[in-house]
Structure formats: structure tokens, C-alpha cells
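Good morning, and thank you for coming. I would like to take you through a few local features of the structure on the screen.

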Amino acid sequence: MKQRDPDLLLFHAPLLRQGMTTPKAMRDVLLALAPATLASMWFFGLSAVLVLASCIGGAVAAEWLFADRQARGESLRDATGVLTGLLLGLTLPPGLPLWMAFLGGFIGIALGKVIWGGLGQNLFNPALLGRAFLLATFPIAMTTWVPAVPEGGFLQVYPGNLALPFMQVQIDAMSAATPLGLMKFEQEVTPLTNLMFGKTTGSLGETSGLLLLLGGVFLWLRRDLDWRIPVSILLTVVVFSAILGLFDADRFPAPLFSVFSGGLLLGAIYMATDPVTSPVTPKGAWVFGIGTGVLVMLIRVFGGLPEGVMYAILLMNAATPLIDRYTQPRVFGRGGDSQ
Amino acid sequence: MRAFRRLRRNFEHGVHPAHFKEQTADLPIQRVPFGKHYVMPLSQHIGVPAQAVVTAGERVMRGQLIAEPGGFVSTGLHSPVTGTVREIGDFRGVDGRFAPAIAIEADAFATQQVDAGDGIDWKAMSLEEFIKAVQMAGIVGMGGAAFPAHVKLSVPDGITIRHLLINGAECEPYLTTDHRLMLERPEALLEGAEIMRQKLGAEETVIGIEANKPDAIAIIQQHIAPGDPVRVVPLRVKYPQGAEKMMIKSVFDVEVPAGQLPRDVGVNVNNVGTIVAIADYFMRGIPLIERVVTVAGPGVTYPANLIVPLGTPVRDVVKFCGGLKPGTREMIMGGPMMGRPIASLDVPILKGCSGILVFTEAETARRKEYPCISCGRCLEACPYFLNPSRLARLSKARMFDEMKAYNVFDCVECGCCTFACPSNIPIVQLIRTAKDDLTHRKEPDA
């Protein structure tokens, strides 16, 4: 009996691939954020769960609504919508009305991603765009901070969370100031151990510096993250603070305080490293990181706001195409830069 | 810092695919029995096709010249078997196109002994005669590119070759032909190397071998007599260590300037198989009529390293290896990173064919392509420090001319970027498309 030849495919070489795929990389980031997310639930109780869920809900709703009818399932499966929602949620105050959180997630995806042409096309980090929208629209709710660990235990919800849309926002009676606010307006320094382990007032995800670093190390080991960006941001902040400290050690924040306070770790490790909105070239990553670090310190020290990570990253996002253009790598066998 | 870098014996970037060499690394080279039909395409190398010097019906001996070089960048062609020329006409080639070839029917009763002399007195030859002899012997680069070997020997005035570099990296996964040749024929390798070194006037011979072949390194070192100007350099296991410019960087820490050749930095690079072919011709009088081929991959029943007469249909080779397993989906001629897919089992083994790899479902599953997220993995992979992410985007937008500013022609299509891409974007194919368009495009008349 004559054996029939198999029908051969003509896929081009290389046939081999490394195991990593884009959805897997996104899931890695979710996994890296898990400890910090759980910590936020530990510190802020059910409110944290509700705010994060609202953000993710808003982001996924926008992703679903604006996707092609055929590609609906696909666009959700790559997990980028969930990631944007989670990242946005981690930058929000725990007492934020839930409808605002939902709106933030929705706007973040709609104006931050879909309108640019979807995954890979956007100029600005969608989560930070959503946050910028919320800060511009609801300035009071976005800057009202509540103390960590609600008095009634895990199940107690901050009253602000349940405010109805477009009603007068109830400002929590129990408001508190963030470490950066204390530093800027009252020259009061929060102990470093509190900053590292998360016993401070602040956004959901910016409380525990060590857990955020842990996730960053995981991402670095998995090669999901360009280490140059967080390293250059953090180094720049440390050097900048140290130089300021030479002038007046009492008035300006100490280097370690600068690193562990506010949203710097969350921003440097998880937001600035968003591959889509950061430079693709290795040299560009250094430029991007140093620029972000300088802007963070300028806004924190000389600006009117206590925190500047969000605007620093968004501004550098805008500069990314330009940075990419002027930092093309030196091609093998060619002396100078290619352009 | 520079001294430290030299110690590392490395080039920058590159990727680390799994080796998959266990399948055949320990299998001695076997000879494939002679079959019936042979097809010798007249163009088996870069450059001008050879011109047939036999006619249909003519009787040919194994090793007899059947086509002579059609120009300088062209080589001779010899009959792989004793038999009769059946036809000179167009046959389907590996790339799917019809190309002129000589079909030979083997004589079933011939002994298939090569009527070889005692070799050729290469020492008495002038360099020009030597180059001509290499050309007539049909010797091309056996690593895969099949660039005529004699062209590299003819060095323009003002350039001196100081090093003969022998490429035993074999960085492509699955392939073990060079590995087996180094293990089984170290004497021939060193003989060929000495002939080449003396004719080039080089100071020394350097044999670069990836460190995952310690047995080959040991055997060759044993065969080097004290005082011989030969040294073996173990190289870091990394793809594409066997790309000649990468190997020069690893061994000599010199970057060959873009658009120039290894000879411009005083190095002549040859594959292990090429050097053994040189030895076979000048020491034993056998021109290039057969080569070692690795048959491997998950879809082949009995993987093997084989000596195959050129022109043997892939079908015969696969049959000798026990046939294809059910579920075979794709066959590659060459390595899995840079090889070419073959459309039919009837294509012949060529001079540049280092392997026949058979793949099944898992390796050829359709991978969903995601948008580029500019993660930069391709930039970290590209050994030429190009920006494949940008090149792929430009190619998709059909902005081919803009790609020249990003040095698209420096790309050697090693496939590292595509290997590394988490979004499964066929980057190297997009670059190839652009290069092809830029090279062959006819400008519309104004």
C-alpha cells in the first residue's frame, strides 16, 4: 500500500518561539500586583474591594462596549482591561464614591486606549489618564483621604463610597492627611517603617512599599519589565533628594522618604514601565526614567500639589515618541548613531 | 573592561532557544543507500547558475563534472552517482519555483566507487590555480548560505588575511552535522584547515565551537600537534553564534563594519563542512558530491545523521529514516530558525542543506498575533542592534523607503526578533518583504 504524502504547511522559519506571549505578560503584572492588592484590602477593608471592583468593572465595560462585535471575547481575554482597572483603582483614595471609580475606569479605557486604536496604539497610560480625568472632575473627592484600618473592622465601608451619582459629596468626617501632604504643608515626617509596611494614609495601592518592590522583583525575574525605567526613576529621585538635603535637610524630604512615600513605587514599577507608553529603545528608557524622576521631584518640592507621579509620567508619555526617535541604538558595525 | 569582555567570548544580544540536539548528537554518521532518481539543480548557490556540459542519454560516472561554472560567482557540479542523464529540464525547486536541473538515473549495477586519485598537489599550485580548483570542485559554504567558497579566497590587493576562522558553532537547534563531522573526521578537518591556511597566507587557524559540544572540542584539541598554528576557542551557547560577523566579534572582539566583509578585518570564515570538503578534494580527489545531513524533529521515526549524495529526493532520505510519523505538518530544509519550508517530498538535497527537520502539530500551531506593545524584547534580541519593532510597524504600513533610515539592509534575517516577540508578530518576514520590495521594485515611468 502506498502511503499518502502529508499535506505540508509552509510556515516561515523561525518555527521556535520563546514561551512568553502578550496576554501572559499582562497576567504576570496582575500576579505581581496581587500582594499589594491584598494589602490594600487588609488596610482599608471592604471599601478597597468595592473601589477596585468598580474600576475594573468600568474598564471592562468600556473594553466590551467599544470592541468589534466579533472580537469581543478576544479583547477581554488579553487581560489588559482588567489590568488598567486594577492599576487605576490602586491610585484612588479608599473613600471615593464607587460611581466615580467606575467612571474613571470607563474613561481610562475609552479615552486612554480605545480611541487611539486599541492595545499598543495609545500615547498615554490609560490608568493614569483615567485618574487625571477624575482629579480634574472631582478634585475634592479625589483629595479626601481616610485613615487606614476603618474602626468597624473589615466589613465597615467608608460612608463616602456609597454616595449617589451627582449628589453633593459627603466629605468624611474622619479625614486624614497623606505622608506627602504632612511633609509639604506641615513639615511633619512619617516614620519610614510605616511607609514600608503600609500603615499610612494614602491611595489604596501606595501604602506598602515593600510589597510593591516584591512584585517588581518578580516582574524583573520574569523579564516582563524594563528594569532601566524603575531603576532610573528611583535613582534620580534619590539623587535629587540628596542634593536638596544638602541645602536644607529639614525643609526637604530625605531620599528614602521620597522613594517610599506617595505613589512613586507604584508609578515607577507598574505605570511608567507600561511598554506601550514608554520608549522601546534601551537608551530611551534611561532618558524616560530620569525625566520622570526629575519631574516628580520638581512637582513635589516646587509645585502646588503634594504628589506629582501621575503628571510626571503622563508628561513623559507625551515625550516618548520623540525620545524613541532620538535614541535609536547604535547598529552593529556602524560607528555613530543611526540617525 | 575591554579585557574582561574578551574573556567572555561573546557577542551582545541574541536569544537562547532550546537545543533539541539530544535526538541525534550521539548518532554516528551513516551512509544512505543509493536510490534510483537524482536531480541536480544547476543553481545550488548564490550567484550565476552552472552550465550543463552533458546531454540527455549520456552515461556519467560518479564524481564526473556535469556542469561547469557559469561565471566567477558560480561553481562546478558533479554527478552524485554513476548512471545515465535522463533529462535536462525544469524541475520544482525548494522555493516552489521551476528551475533548470539535470536529472540522472542511477545504474543499479554500478559499484558507485569514486575513481579517485591520490589527491592533488596543492602545494605546487599558485593561488589562482587553487581558487580555480576550488571552484571546479563545486565547493560552497556548507553551513546553509551556500556561498561559493572560492569567491572568499580571492582577496583584493591591499588586504591580508591574518586568521582563518572555522565555524563549528552550529547554533541552530536540532542540527548536529558539524558536531558529528568534528567528532568523526577531526583529521580531515585539520588537513583542510592547513591547506586553506597556507593558501590564504594566514598566521593561524581558529576553530570556534559552542561550549555545548565539549566532546568535539576535546577531540580536536587531541589531534592538534604541538606547535601547529591552530587553536580551539569554546564559545558561549547562544543563537546566532554561528553568524560569521557574530563569531568574529566573539573570537576577536572586532566588529566587521556594516556593508563590509570578514576579509576587511583580516579574517576568512568557513564552515566545518566546507573545510572537510576542501580536504576531501585536495587530499583524496573527491569533489563535492555528497554531504552530511541531520534528519530530526518530532515527526521523523528514526532521527539520524546521514551522508547523502546530492540530488537525492527528500523522499528517499525520509524513507531511510523510517518514514514520517502521523501528524506531520511541516518540513524544513536547514535549521528551525533560518531554514526554508519545503512544499514537496520530491525536492532534492542541495549543497547547502544541513538538515531535514520534520515538525508536527505543536511547533506549527497557528499562533494568534497581538498588536505590538513596544515591549522592546526584539531590540534586546537583535544581534545587529536594529529596531525590529519599528521596522515591523513600518513594513506593515508599507513604508519601505522609510525603513532604509533604520538600516533594514543590515538585517541578516536570523529570526531572533520573531523568536522573542510575545505578540507573535512575524517580524522577520515583514522585514524580508520590505527588503524584497526595495531590491526588486520597478519604479513606474515618470
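A residue is called buried here if 20 or more other C-beta atoms lie within 10 Å of its own. Please keep in mind that this is a predicted model.

With that cut-off, let us turn to helix α4 of chain A, residues 80-90. Its buried residues are A:Thr80, A:Gly81, A:Val82, A:Leu83, A:Thr84, A:Gly85, A:Leu86, A:Leu87, A:Leu88, A:Gly89 and A:Leu90.

I now come to the backbone. Most residues other than glycine have a negative phi, and most peptide bonds are trans. Where does the model depart from this?

In chain A, the peptide bond between A:Ala13 and A:Pro14 is cis, with omega about -5 degrees. A:Pro14 sits in the segment before α1. Chain B has a cis bond from B:Tyr239 to B:Pro240, with omega near -5 degrees, and B:Pro240 belongs to the loop between β11 and α8.

As for phi, A:Arg223 is not a glycine, yet its phi is positive, at about 60 degrees. This arginine, A:Arg223, is located in the loop between α10 and α11 of chain A. Is A:Arg223 buried or partly exposed? It has 17 C-beta neighbours inside 10 Å, and therefore A:Arg223 counts as partly exposed.

In chain B, B:Asp253 also has a positive phi, of about 55 degrees, without being a glycine. B:Asp253 falls in the loop between α8 and β12. With 15 other C-beta atoms within 10 Å, B:Asp253 is partly exposed.

Thank you for your attention.

Notes
Residues numbered from 1 in each chain as written. Chains lettered and ligands numbered in written order. Predicted model: local features only at pLDDT ≥ 70, side-chain atom pairs only at ≥ 80, totals over all residues. Buried ≥ 20, exposed ≤ 12 C-beta atoms within 10 Å, placed from the backbone. Helix = DSSP H or I, 4+ residues; strand = E, 2+ residues; numbered from the N terminus.
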